[in-house]
Amino acid sequence: MVPTMKLYNLGKVPWDDSQLIYHALADLGREGLILLSPASPYVCIGFHQNAEQEVDLAFCRRNGIPVFRREVGGGAVYLDGGQLFFQLVLHADNPLIPATKEAFYRKFLEPVVGAYRRLGIAAEYKPINDVMAGARKISGSGVGEIGPGVVFVGNLIVDFDYELMARVLKVPDEKFRDKVHKTLVENLSTLRRELGDAAAAAWTEERLDALLIEAFANLLGAFEPAVLDPELRSRVDALRPLMLSDSWLLQRRGRGAGRDIRIRAGLHLLHRVHKARGGLLRADYGLKEGRFSGVSISGDFFCYPPDAIRRFEAGLEGRRPQDVREVLRDFSARQALEIPGVDEDDWAVLLA
């Protein structure tokens, strides 16, 4: 007989508990669905990221915003009580787990898609791990392996502070920060935005939790209500000193120069830096479904004629990174372009 899945419906919890509880449950080798939201804001980075590269740690310290490294991949995100978290912990050998991560997301995001549709939002699953309302992402999720368990975490986004999300990220300059903010607003949605203030307000946290419980029960079966028992609380408390330490947060991972901010599936904002013989090249651009969008090139190089670089940017619009050499050759064949000390290989490296 398959044991009944435990349900930890915890409501508002301290910000650090909102991450530590699922780590502890997985570490103990126990299964369960956790529903909660943080009582105060914080920033959470992916396991493989470099905190000093991804997050403006000085700004966060000045404003009392904690930063946490989770044992699940993905990107840096600002989290607060406007988001309701679902955290599903399964044994690694649970027969419900599909063979591939994409199949996992497709299967376990179906309850989330269903919950949004019950709210009147025409949500759709978009590979690999997004839920979309039209062209805008409305739920983020991730899967990680922690101890003997597989953890699936995600959220219902009731409301979102776009400005603060753009502010906590480490960016090369304020122009790029403005671009991040604008792109977030255009490509990330919320329950409040989709339904309007009055309709969204009617969906209290308790009602949304009940909706998620029903949706996940269709996939996992009936739940058995559970509480934070002494063993689970003890493991949470044991993990806290390590996972809140600077040595855990500041371990160096990720890339060196450059930034890659994932907005949603198929849309990234990138900042790239490359030192050519003729000077430092910088590029800020979007990759939308694998194609250039809004390319802006700057640096301390010399370009003749001066406005040729703007026309080169325009020529990249809608093309793919692998097309850079072709675009450059076509451009040079049609009009003069001279950038001393910068050749085709430099552009290929910068825009790869």
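With 352 residues, a compact globule would come out with a radius of gyration near 20 Å, and the protein has 23 Å, which agrees. That radius is taken over C-alpha atoms, and the globule rule is 2.2 Å times the number of residues to the power 0.38. The C-alpha trace spans about 75 × 45 × 40 Å along the principal axes. All this comes from a predicted model, where local features need pLDDT of at least 70, side-chain atom pairs count only at pLDDT 80 or more, and totals for chains, interfaces and linings use all residues. Residues are numbered from 1 along each chain as its sequence is written, and side-chain values use heavy atoms, with hydrogens and water left out.

As for the fold, there are 15 helices and 15 strands, read as DSSP runs numbered from the N terminus (helices H or I, at least four residues; strands E, at least two). Of the contacts (heavy atoms within 4.5 Å) between residues at least 6 apart in sequence, 67% join residues at least 24 apart.

Turning to burial, 52% of the 352 residues count as buried, meaning under 20% relative accessible area, with over 50% called exposed and anything in between partly exposed (1.4 Å probe, protein chains only).

Then the cysteines. A disulfide is a pair of cysteine sulfur atoms within 2.5 Å, and by this rule the count comes to 0. Cysteine 44 is in no disulfide, and its nearest cysteine sulfur, that of cysteine 60, sits 12 Å away. Cysteine 44 is buried, at a relative accessible area of 1%; cysteine 60 is buried too, with a value of 1%.
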